[in-house]
Amino acid sequence: MKVTASSESLGTLDVDAIAVVVYEGEQAGDLVSIDEMTGGLVGQLLELGEIEGKLHEVTSVPLADGAAAGRLIVVGGGKRDEFDLVKARNVAGVAARQLSKRNITRAALWLRSELDAGGACQFAAEGAVIGPFDLGTYKKKENESRSLEELTVHESDERVEDARAGVERGAIIGEAVNLARRLANEPGNLLPPRVLADEAVKVAGRYGLHVEVLDESQLADMGAGLILGVSLGSAEPPRMIVLTHNGRGEGPPDLALVGKAVTFDTGGISIKPSRGMEEMKMDMSGGAATIAAMSAIAQLNPKINVIGVVPAVENMPSDRAIRPGDVLTAMNGKTVEVLNTDAEGRLILGDAVVHAQKLGAKRIVDAATLTGAVIIALGNHNSAVLGGPQEWVDQVMASGRKAGDRVWQLPIDEEYGEQLKSPIADMSNVGGRAAGTITGAYFIKNFIEDDVSWAHLDIAGTAWTEGESAYLTKGATGVPTRNFVQLALDLAE
């Protein structure tokens, strides 16, 4: 979608529809120019209580004869004093979805916000790009529908330059989020590890990233026994994808983003229940977000060196699959007793973070749909973050808050490591039911060197939404693409 900003009068913009945000308690006198464009109809609807301004409320109003646009969409912004950047994004998403449902391809949006113009318009552009995302990629369409293609964000003369910079950044980030969503929504049969690697190569070529794809032979030479072990049960071979952005020139990475990509997870020999297993195509959401974030980082071009490392496997049961009780050897020589083959994400991340450190990374963030336990702890609204040192975790959390990707810290004290002790190997891959999210993260911590700053994001509760909301379709959410991009931008400042 093309998103621009303009201070031109709304009544003269060459668009098919206008979307305007109205806040609770407003009257016709607060919306004089809009009321005039509708011949007083908006004022009447406000008086009658048909338009209340409640958050995400949508009302379609015809414009008066002579208006350049043919339709007005009024979107509720809730209480004005509670309107923030995330609500700006969500309201813009509501507007864009409603416009797309009406087959409108060109529209304008007026937030009527008192927020910083750059930030508000960035978040609005993100929402406008994300909102119309279509989940039904493989549906046979009887009637060809059209989606919103061009959106002009209206701002005042004194704020429009900041708005232009904001919408440019927001559109890039929004498209990256949609890329992550598209990849995570892809069926497992159409996106095995080798095809995910092909997608990463396309992204690299499109945006000027360097890419390296390591196959099973190269992984064997590197001693990546955890990735190779998980992939044994599948006919689909594993891949390790490395994307590189050299924003400050040659040199080691200033930041490594690592994303789990289990393109389909049956649980292996420790097979999952059949109910809901179809959603396990999204077990590569961390890897999808990593690839997508690297696409946005390349376009925004922060003066920082960033690598994205994506271990990609399929976890299947077969006569070749690893069994509970097997012992695997990681890339750094540590051994792991596999007690549960459904705890495979942490295994492939172990090799991936080792590889990131071999490439010189001293600051790492990994993201993974790692544990069901995190959904019990935090539900679907916050990702868990664990790691150290605390200053690094604080940085990741601050970037997440700034990006509108909420995170909540859990402890990772040494005592939790006791649960991972094995009588025959350096560690086991599970530590029992207690504190499952923490022991999952602690497993990865065992592969982090003492001088490396590391944070782990467990996105099992936030990477996927079961139902449709006013501004988001069912399915993959793209979390934590925004957090990853914002972190790179913050570190470059």
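A salt bridge here is a side-chain nitrogen of Lys or Arg within 4 Å of a carboxyl oxygen of Asp or Glu. Glu279 sits in the loop between strand E10 (261-265) and helix H9 (285-300). Leaving aside residues up to four places away in sequence, Glu279 touches Trp464 and Glu466. The model is predicted.

**Overall build**

The protein has 14 helices and 20 strands. Its radius of gyration is 24 Å, close to the 23 Å given by the globule rule for 493 residues, so the protein is as compact as a globular protein of that length. Along the principal axes, the C-alpha atoms fill a box of roughly 80 × 45 × 40 Å. Of the 493 residues, 59% count as buried.

How much of the contact set comes from residues 24 or more positions apart? Such residues account for 78% of the contacts with a separation of 6 or more. The accessible surface comes to about 19,700 Å². Carbon and sulfur atoms hold 47% of that surface. The charges number 46 positive and 69 negative. Their mean positions are 3 Å apart.

**Salt bridges**

The count comes to 24 salt bridges.

| Pair | Closest N to O distance |
|---|---|
| Asp254 and Arg248 | 2.7 Å |
| Lys402 and Asp490 | 3.1 Å |

Lys402 and Asp490 form a salt bridge across the sequence. Lys402 lies in helix H12 (residues 390-403) and Asp490 in helix H14 (residues 481-492), so this pair ties together parts that are 88 residues apart in sequence. Asp490 is buried, at 12%.

The Asp254 pair can be read the same way. Asp254 counts as buried because its relative accessibility is 18%, under the 20% limit. Arg248 is partly exposed, with a relative accessible area of 39%. In the remaining pair of the table, Asp326 is buried, with a relative accessible area of 17%.

Salt bridges also join into a network. Glu26, Arg80, Arg112 and Glu114 are linked in this way.

**Two buried loop residues**

Where does Thr38 lie? Thr38 is in the loop between helix H1 (32-37) and helix H2 (41-48). Its relative accessibility is 7%, so Thr38 counts as buried. Thr38 and Pro62 are 24 residues apart in sequence. Their C-alpha atoms are 6.5 Å apart in space. Thr38 touches Val61, Pro62, Leu63, Ala64 and Leu72, not counting residues up to four places away in sequence.

Glu236 is a second case. This residue sits in the loop between helix H8 (225-231) and strand E8 (239-246). Its relative accessibility is 18%, so Glu236 counts as buried. Which residues does Glu236 touch, not counting those up to four places away in sequence? They are Pro192, Pro193, Arg194, Ser231 and Glu314. Pro193 is 43 residues from Glu236 along the chain. The C-alpha atoms of Glu236 and Pro193 are separated by 7.1 Å.

**Backbone exceptions**

Most residues other than glycine have a negative phi, and most peptide bonds are trans. Several places in this model depart from that pattern.

Which peptide bonds are cis? One runs from Gly388 to Pro389, with omega near 0°. Pro389 lies in the loop between strand E15 (383-388) and H12. Helix H12 is also the element that holds Lys402. Another cis bond joins Val479 and Pro480, with omega about 0°. Pro480 lies in the loop between strand E20 (475-476) and H14. Helix H14 carries Asp490, the salt-bridge partner of Lys402.

Positive phi values occur as well. Phi of His56 is near 75°, and His56 is not a glycine. His56 sits in the loop between H2 and strand E3 (58-62). Asn103 has a positive phi of about 60°, although it too is not a glycine. Asn103 lies in the loop between helix H3 (85-101) and strand E5 (106-110). Asn103 is partly exposed, with a relative accessible area of 33%.

Conventions. Residues are numbered from 1 along each chain as its sequence is written. This is a predicted model: local features need pLDDT of at least 70, side-chain atom pairs count only at pLDDT 80 or more; totals for chains, interfaces and linings use all residues. Side-chain values use heavy atoms; hydrogens and water are left out. Helices (H or I, at least four residues) and strands (E, at least two) are DSSP runs, numbered from the N terminus. The radius of gyration is taken over C-alpha atoms; the globule rule is 2.2 Å times the number of residues to the power 0.38. Buried means under 20% relative accessible area, exposed over 50%, partly exposed in between (1.4 Å probe, protein chains only). Contact means heavy atoms within 4.5 Å. Accessible areas come from the Shrake-Rupley method with a 1.4 Å probe; for residues, only the protein chains shown count as cover. Lys and Arg count as positive and Asp and Glu as negative; His and the chain ends are not counted. The place of a charge is taken as NZ of Lys, CZ of Arg, CG of Asp or CD of Glu.
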